[in-house]
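Please keep the sequence and the model in view while reading.

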Amino acid sequence: MAGSDIAAPPAASAAAPETVKILIAGGFGVGKTTMVGSVSEITPLRTEEPLTVAGLDVDDLKGIEEKRSTTVALDFGRISIGDDLVLYLFGTPGQQRFWFMWNDLAIGALGAVVLIDVRRPESSFAAVDFFERREIPFVVAVNGFHGLHPYPAEEIRESLALPENVPVLLCDARERESCRDVLIALIDRLIDDFTLRSKSPD
Ligand SMILES: Nc1nc2c(ncn2[C@@H]2O[C@H](COP(=O)(O)OP(=O)(O)OP(=O)(O)O)[C@@H](O)[C@H]2O)c(=O)[nH]1
Ligand SMILES: [Mg+2]
């Protein structure tokens with residue numbers, strides 16, 4: 001009987017992955033909900049409400065006349081990058097009347113994707129300002145609606161007056177791989193920023 005009633009020690013459990021909160025932001029109808037849904041490995045949480053005649057005065061549908069619903073609070077999804085990193089994705093609402101929620105959504109976020117509709121880049125200018133002012137690192141992802149990318153990334157960088165350390169990527173918010181590449185570029189930027197900070201003398 002010696003030793004038979006001694007339970008074997010539990011197998012060493014793998015270290016829990018790091019979790020990081022990321023915002024998917026940008027103007028009205030640029031494809032934020034689509035991006036979170038394309039890339040999430042869980043069924044995303046959505047808070048979509050139909051656009052109705054009552055909102056015609058406040059919902060600027062110019063250029064996105066086919067839009068039928070809008071995010072009224074947030075999107076939520078999750079994606080694992082390898083075994084040791086999990087990204088929690090929070091999609092912001094896009095309409096100006098819901099922007100007050102961005103401050104709360106940004107709490108604890110390590111980084112952001114600013115999504116731009118290639119046909120209406122001005123609709124995401126405020127999102128660029130938002131993250132610049134709060135010094136939250138971000139990448140710009142240009143969603144080529146209908147897969148069209150008439151402007152090279154460098155032209156878009158110039159038009160937004162973005163510094164060299166802000167990656168600008170061309171993407172398709174409907175394609176998982178494309179959205180994943182955007183998130184990996186953001187993680188690379190976060191690592192670069194962290195490395196730079198840890199080398200700085202103060
Ligand atoms: N053709 C095309 N349609 C897209 C693309 N991305 C999004 N859409 C469509 O455009 C519409 C708006 O996309 P959403 O993902 O709801 O945009 P959003 O930024 O979340 O919108 P709000 O939350 O209302 O600001 C939806 O009908 C999408 O199916 C794209 O890359 N190409
Ligand atoms: Mg949305």
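## The shell around ligand 1

Among the elements that form the shell around ligand 1, α1 gives the largest share, three residues; helices here are DSSP runs of H or I with at least four residues, strands are E runs with at least two, and both are numbered from the N terminus. Both α1 (32-39) and β3 (69-71) supply at least two residues of that shell. In total 17 residues surround the ligand, with K32, T33, T34, T70 and T71 the closest, where a residue counts as near if one of its heavy atoms lies within 4 Å of the molecule.

By class, the shell consists of ten polar, four charged and three nonpolar residues, with Ala, Val, Leu, Ile, Met, Phe, Trp, Tyr, Cys and Pro taken as nonpolar, Asp, Glu, Lys and Arg as charged, and the others, Gly among them, as polar.

## Basis of the model

This is a predicted model, in which local features need pLDDT of at least 70 and side-chain atom pairs count only at pLDDT 80 or more, while totals for chains, interfaces and linings use all residues. Residues are numbered from 1 along each chain as its sequence is written, chains are lettered from A and ligands numbered from 1 in the order in which they are written, and side-chain values use heavy atoms, with hydrogens and water left out.

## Contacts and burial of the ligand

Oxygen atoms of ligand 1 lie 2.9 Å from an N or O atom in the side chain of T71, 2.9 Å from one in the side chain of N143, and 3.0 Å from a backbone N or O atom of G29. Taken alone, ligand 1 exposes 640 Å², of which the protein buries 83%, the areas coming from the Shrake-Rupley method with a 1.4 Å probe.

Because six of its eight residues are buried, α1 is largely enclosed by the rest of the structure; buried means under 20% relative accessible area and exposed over 50%, with partly exposed in between (1.4 Å probe, protein chains only). The buried residues of α1 are K32, T33, M35, V36, S38 and V39.

## Exposed loop residues

The loop between β7 (138-143) and α4 (153-159) holds P150, and H146 is found in the loop between β7 and α4 as well. P150 is exposed, with a relative accessible area of 54%, and its C-alpha atom is separated by 9.3 Å from that of R119, 31 residues apart along the chain. H146 is exposed at 62%, and its phi is near 60°, a positive value in a residue other than glycine.

A161, in the loop between α4 and β8 (168-171), has a phi near 50°, again positive in a residue other than glycine, and A161 is exposed, with a relative accessible area of 62%.

Notes. Polar contact = N/O pair within 3.5 Å; in protein donor to acceptor, adjacent residues only side chain to side chain.
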